[in-house]
Amino acid sequence: MRMTTGWQAAGPTTLRRVPLARRELRPDDIAVRVDFCGVCHSDLHALDAHDQNAATPLVPGHEFTGVVTGTGPEVTAFSVGDRVAVGNIVDSCGECAMCEAGQENFCHSFPTLTYAGADRQDGTTTLGGYSREYVVRDAFAYPLPAGLDAAAAAPLLCAGITVWEPLRSLGVGPGSRVAVAGLGGLGHLAVKMAVALGATTTVISRTHDKRDDARELGAHDLIASTDPERMAQARDTFDVVIDTISAPHDLAPYLKLVALDGTLSLLGHLGTVTVEAMDLLIGRKRLSSAGSGGRPATAEMLRFCADNGIAADVEVLPSAQVDTALDRLRRNDVRYRFVLDMSDLDRGESEHAADA
């Protein structure tokens, strides 16, 4: 086994630094020194749901960038020293219709997740990117384009691909009218990407407080969802509404914004929703969702972001402050994404204690 160090769940709000075992490199594996790992709301959900008495440990983190430090004998796409990015899927069956279509995120036998998944060969629990090293199949690692900052690019591998997938599949481009509901970790990247694709882009937020932020991101307008007059004026206006609101909410006001034959894509809250059929019927409107992306789309997204200077707006913290990052994320005290600098895992425990 290959030994490294990482942050393992010790409770819903606490992680502890521990030694971690990674597998020896298989023929198609690469070893990645994890330099920067994003902190995602999914990490919070996983920590909340984790049974501390379970036999399987939980090491979160599924959006990270780093450098290749080792390669298996069959690897040809990467060499030691290459910059790479890894997202929330690290394997799939490779045989079902979805995998053959390049949509490994919808693998019929469920994709292997970067953490809290089951390795397809030996059944061991996958341990995530809150660690100094990760071992991954080369097919599920992506070259990190030179034009992307490694820290700011890390959230592209989860938040970025999550919004890229519907923007591309729904044909957003020049002349499209796009609204982005919610201006957080997902929403700010949706705005940047929609604008770069050529769409006239509007932010929907509860108040006008984020108007300046929206304009800095490239949005053409902001509508307060609490302003009934503006919401009424915007009825049937947008070809695509990207809904990134993470809490349960009424979809009716957002469906009213969708234009004839347009789509509301629900990305933030993935629980049970209730929809009146008439809200879809009037205007032939569509309700859809998306999650992550397949390998071709992820590679395309990274190239697009590099070509257009798109990356996440991040606050970088040393990994020893992971508990602080998670606590602040619970309180939505971040603009717009936390990223952990994993280099401090090279230091001793006493030095970590001084940072925490």
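Reader: Why is Arg-284 called exposed?

Author: Arg-284 has a relative accessible area of 52%, and the word exposed is used over 50%, whereas buried means under 20% and partly exposed covers what lies in between (with a 1.4 Å probe and protein chains only), so Arg-284 counts as exposed. Please keep in mind that this is a predicted model, in which local features need pLDDT of at least 70 and side-chain atom pairs count only at pLDDT 80 or more, while totals for chains, interfaces and linings use all residues. Residues are numbered from 1 along each chain as its sequence is written, and side-chain values use heavy atoms, with hydrogens and water left out.

Reader: What makes the contact of Asp-261 and Arg-284 a salt bridge?

Author: A salt bridge is a side-chain nitrogen of Lys or Arg within 4 Å of a carboxyl oxygen of Asp or Glu. The N to O distance between the side chains of Asp-261 and Arg-284 is 2.8 Å, so this pair meets the rule. Asp-261 lies in strand β14 (residues 258–266) and Arg-284 in the loop between α9 and β15 (286–289), so the pair ties together parts that are 23 residues apart in sequence. Helices (H or I, at least four residues) and strands (E, at least two) are DSSP runs, numbered from the N terminus. Asp-261, at 30% relative accessibility, counts as partly exposed.

Reader: How many salt bridges does the structure hold, and what ties Asp-119 to Arg-26?

Author: The structure holds 28 salt bridges. In one of them the side chains of Asp-119 and Arg-26 meet at 3.0 Å, N to O. Asp-119 sits in the loop between β7 (112–113) and β8 (133–137), and Arg-26 in the loop between β2 (14–22) and β3 (29–39), so parts 93 residues apart in sequence are tied together. Both Asp-119 and Arg-26 are buried.

Reader: What makes Met-278, Leu-281 and Ile-282 a patch?

Author: Patches are made of residues with over 30% relative accessible area and no salt bridge, where like charges are joined within 9 Å and nonpolar side chains (Val, Leu, Ile, Met, Phe, Trp, Tyr) within 5 Å. Met-278, Leu-281 and Ile-282 form a nonpolar patch on the surface, with about 310 Å² of accessible area together, a value from the Shrake-Rupley method with a 1.4 Å probe, where only the protein chains shown count as cover for residues. Leu-281, found in helix α9 (residues 277–281), is exposed at 56% relative accessible area.

Reader: Why is one space called a cavity and another a pocket?

Author: On a 1 Å grid over the protein atoms alone, a cavity is a set of points where a 1.4 Å probe fits but cannot get out, whereas a pocket is an open set with protein on both sides within 12 Å along at least five of seven lines, and lining residues have an atom within 4 Å of a point. The largest cavity has about 90 Å³ of space, and of its 13 lining residues the closest to its centre are Asn-88, Ile-89, Tyr-142, Gly-293 and Thr-298. The second largest pocket has about 370 Å³ of space, and of its 22 lining residues the closest to its centre are Arg-23, Asp-119, Thr-124, Thr-125 and Thr-126. The largest share of this pocket's lining, 4 residues, comes from β8. For both volumes, grid points are joined across faces, edges and corners, and the space filled by probe spheres set on the points is taken.

Reader: What is phi in Ser-292, and is this residue buried or exposed?

Author: Most residues other than glycine have a negative phi, and most peptide bonds are trans. Ser-292 has a positive phi of about 55° although it is not a glycine. Ser-292 lies in the loop between β15 and α10 (295–308), and its relative accessible area is 8%, so the residue counts as buried.
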